[in-house]
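Here is a friendly briefing to read alongside the coordinates.

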Amino acid sequence: MTSRHHPLPDVGWEPLAGFWAGAAAGELRLPRCGCGGFRWYPRDRCRDCGAAPYEWVRTSGRGTLFSWAVVRRALYEPFATLVPYATGLVALAEDSRVRIATRLVDCDVETLRIDMPVHAVFAPLSFPGVDGSVPAPFFTPTR
Amino acid sequence: MSAAPPARGRWGAATELADVSGEVAIVGVGEADHSGASGRDAVEIGAQAVERALADAGLEPRDVDGLLYRSGIGPQFDERAFHRHFGTDHELFVSHEGGAMTWAATAPYVAAQAIRSGKARVLVNVFSVDWASRRGQMTGGPGAFHAQERMKANLEMPFGWFPQPVYFATIARRHMHEYGTSAAQLGAIAVAARRHANGHPTAVLREKPLSLEQYLARPMLADPLRVEDCCLISDGGAAYVMTGLDRAADLAKPPVRVLGIGEGHSDSGTFWSQQADFTATPQVFSAPGAWAMAGVTPADVDVLALYDPFTIVALMQLEDMGFCKKGEGGPFAEGASLHFDGGGPRSRGSSGVPLNTHGGLLSHAYVLGIAHVVELVRQLRGEAANQVPSAHIGVYGGYTGATASTLVLGRP
């Protein structure tokens with residue numbers, strides 16, 4: 001592994017293809033098991049019921065800001081031009097045990113508060129010097 | 001023989017361990033030179049640590065018939081390196097369940113089993129790193145390990161939730177929200193570590209003082225964490241020698257007895273984003289078994305060494321091991337209560353506990369916990385640089401994120 005690690009997600013990787021297909025359609029889609037529970041992160045078998053099959057379902061795209069960090073100094077080279085930026089975890093409205101890692105956008109990082117309502121917004125994810133972009137869910141405070 | 005019933009919880013569990021209390025002693029310790037980028041490689045650093053540990057024990061390389069290290073974390077001083085370095089060719093019992101992090105606490109368990117079954121009598125556990133020298137080759141520094149996880153590479157890294165300082169800044173902020181933990185309380189841990197490093201001859205930051213005022217004035221790295229909340233990146237390593245209690249009595253140094261061992265894990269592994277109890281460590285599963293095996297409680301502990309990649313990890317382990325109630329780690333750490341002398345003459349029963357009296361990963365060296373155990377042995381022998389008066393019980397808390405471990409040691 002080198003510092004040239006490719007920073008864009010692999011949208012063709014089967015376990016997460018539904019997530020990125022959802023983002024391309026402007027939807028936050030998450031894997032739901034036949035037992036009704038979300039299976040996040042995706043895995044072969046449900047931790048609750050043991051079943052294998054699951055389907056990607058559209059969610060509200062809403063949640064609350066569980067916690068975050070403001071990265072003030074580049075710790076990972078692809079983000080060097082973005083600092084300072086806020087990155088953290090959103091607890092999904094439908095099930096707060098589901099946490100989605102995200103970057104907080106369109107906000108003053110000083111106004112972020114734990115448990116504040118946030119919602120997904122979709123924008124191309126790209127990095128300087130890296131070809132291509134991927135439609136991706138970011139989160140922003142709900143006003 | 002069995003230890004206390006393993007702790008059970010919905011997000012992790014304890015490993016069931018046989019009772020090995022009093023069977024094994026640590027009879028020699030050695031540290032390699034700790035430094036920033038030095039151009040040395042991990043194998044030669046490991047060799048230096050083992051040489052010094054054997055000299056401390058008064059043993060020769062041919063006396064060693066067991067070697068423990070961790071595979072899969074980069075080149076280590078393995079059995080081939082051992083024989084090449086010492087010019088030996090005798091049979092060695094080898095276990096990859098050694099090294100640092102959690103294994104620095106559980107290696108004596110492997111040794112106890114090997115001694116019981118006659119596979120070995122004298123075992124060396126060794127760990128070394130050259131990450132300061134190799135830093136430029138790694139994604140996010142030690143983050144390289146996490147970058148290999150495809151779920152992280154696809155769901156976390158694209159959004160900048162990477163590497164470790166970001167994970168633990170996020171955990172620290174949630175801990176602050178839930179329990180009122182303050183920057184000054186995290187700072188108290190960094191300041192205690194630095195003061196200990198300032199008094200310790202092998203600490204990388206022995207010549208750099210840090211006051212709480214200076215800490216609070218420092219810029220944020222991954223807010224709410226400052227650089228001073230984060231461990232060093234070092235070249236260095238250490239080793240310790242173990243044998244059965246009967247053999248230990250004849251050696252150069254008084255034996256330090258292994259009284260209790262525990263281990264626990266989180267069901268979500270190192271996926272901190274999904275850990276059900278976000279502001280806890282698997283010490284909640286590990287520590288109870290170690291206390292039970294040793295027959296001691298946190299109140300009996302004279303000197304403590306906790307895996308401290310970030311101040312918040314040490315703080316959570318203080319809580320999860322029972323040194324204070326959950327959420328009270330901040331007030332517990334305040335002032336000089338974690339200093340080796342409590343900021344003044346410390347008496348048994350005074351509040352707090354001496355923590356990482358060598359400076360820890362924060363200020364001594366980032367050798368992933370193996371030097372924590374070396375420091376405890378020196379404390380219990382009475383030969384530490386920052387000596388805690390009449391230290392009888394020393395405890396190490398190891399951590400990988402996915403797992404935690406607990407090692408209770410007793411004075412000779």
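In chain B, B:M220 stands opposite B:R226 in β8(B). This is a predicted model, where local features need pLDDT of at least 70 and side-chain atom pairs count only at pLDDT 80 or more, while totals for chains, interfaces and linings use all residues. Residues are numbered from 1 along each chain as its sequence is written, and chains are lettered from A and ligands numbered from 1 in the order in which they are written. Helices (H or I, at least four residues) and strands (E, at least two) are DSSP runs, numbered from the N terminus.

**β7(B) and its partners**

- Strand β8 (residues 225–226) of chain B runs antiparallel to β7(B), and 2 bridges join them; two strands pair if DSSP finds at least two bridges between them.
- The link between β7(B) and β8(B) is a hairpin through 1 residue.
- β7 (residues 220–223) of chain B is also joined to β3(A) by 2 bridges, again in the antiparallel sense.

**Where chain A touches chain B**

- Each side is listed by residues: 36 residues come from chain A and 36 residues from chain B. Two residues are in contact if their C-beta atoms, placed from the backbone, lie within 7 Å.
- On the chain A side, the elements that give two or more residues are β3 (62–71), β4 (85–92) and β5 (99–104).
- β3(A) gives the most to that side, with 6 residues.
- By class, the chain A side has 23 nonpolar, 7 polar and 6 charged residues. Here Ala, Val, Leu, Ile, Met, Phe, Trp, Tyr, Cys and Pro count as nonpolar, Asp, Glu, Lys and Arg as charged, and the others, Gly among them, as polar.

**Chain A as a whole**

- Chain A has 1 helix and 7 strands, in the order α-β-β-β-β-β-β-β along the sequence.
- The radius of gyration of chain A is 16 Å, close to the 15 Å that the globule rule gives for 143 residues, so chain A is as compact as a globular protein of that length. That radius is taken over C-alpha atoms, and the globule rule is 2.2 Å times the number of residues to the power 0.38.
- The C-alpha trace of chain A spans about 45 × 35 × 25 Å along its principal axes.
- Of its 143 residues, 33% count as buried. A residue is buried if 20 or more other C-beta atoms lie within 10 Å of its own, exposed if 12 or fewer, and partly exposed in between, with C-beta atoms placed from the backbone.
- Among contacts in chain A with a separation of 6 or more, 48% are between residues 24 or more positions apart.

**Strand β10(B)**

- β10 (residues 256–266) of chain B is mostly covered, with 11 of its 11 residues buried.
- β10(B) is joined to β13 (residues 403–410) of chain B by 8 bridges, and the two run antiparallel; here B:E263 stands opposite B:S405.
- With β2 (residues 12–14) of chain B, β10(B) pairs in the antiparallel sense over 3 bridges, and B:G12 has B:S266 as its bridge partner.
- With β3 (residues 24–31) of chain B, the antiparallel pairing of β10(B) runs over 2 bridges, and B:A25 stands opposite B:R257.

**Helix α12(B)**

- α12 (residues 311–320) of chain B is mostly covered: 10 of its 10 residues are buried, including B:V313, B:M316 and B:E319.
- Those buried residues pack against α7 (164–179), α8 (183–198), α11 (283–294), β11 (303–306), α13 (329–333) and β12 (393–399) of chain B.
- α8(B) and α12(B) pack at an angle of about 100°, with their axes 9 Å apart. Axes are lines fitted to C-alpha atoms, for helices over the stretch in contact, and angles run from 0 to 180 degrees between N-to-C directions.
- α8(B) and α12(B) are therefore roughly perpendicular to each other; angles under 35 degrees count as roughly parallel, over 145 as roughly antiparallel, 65 to 115 as roughly perpendicular and the rest as oblique.
- B:L186, B:I189 and B:A190 of α8(B) make this contact with B:T311, B:I312, B:A314 and B:L315 of α12(B).
- By class, the contact of α8(B) with α12(B) has 6 nonpolar, 1 polar and no charged residues.
- Just after α12(B), B:G322 takes a positive phi of about 95°.
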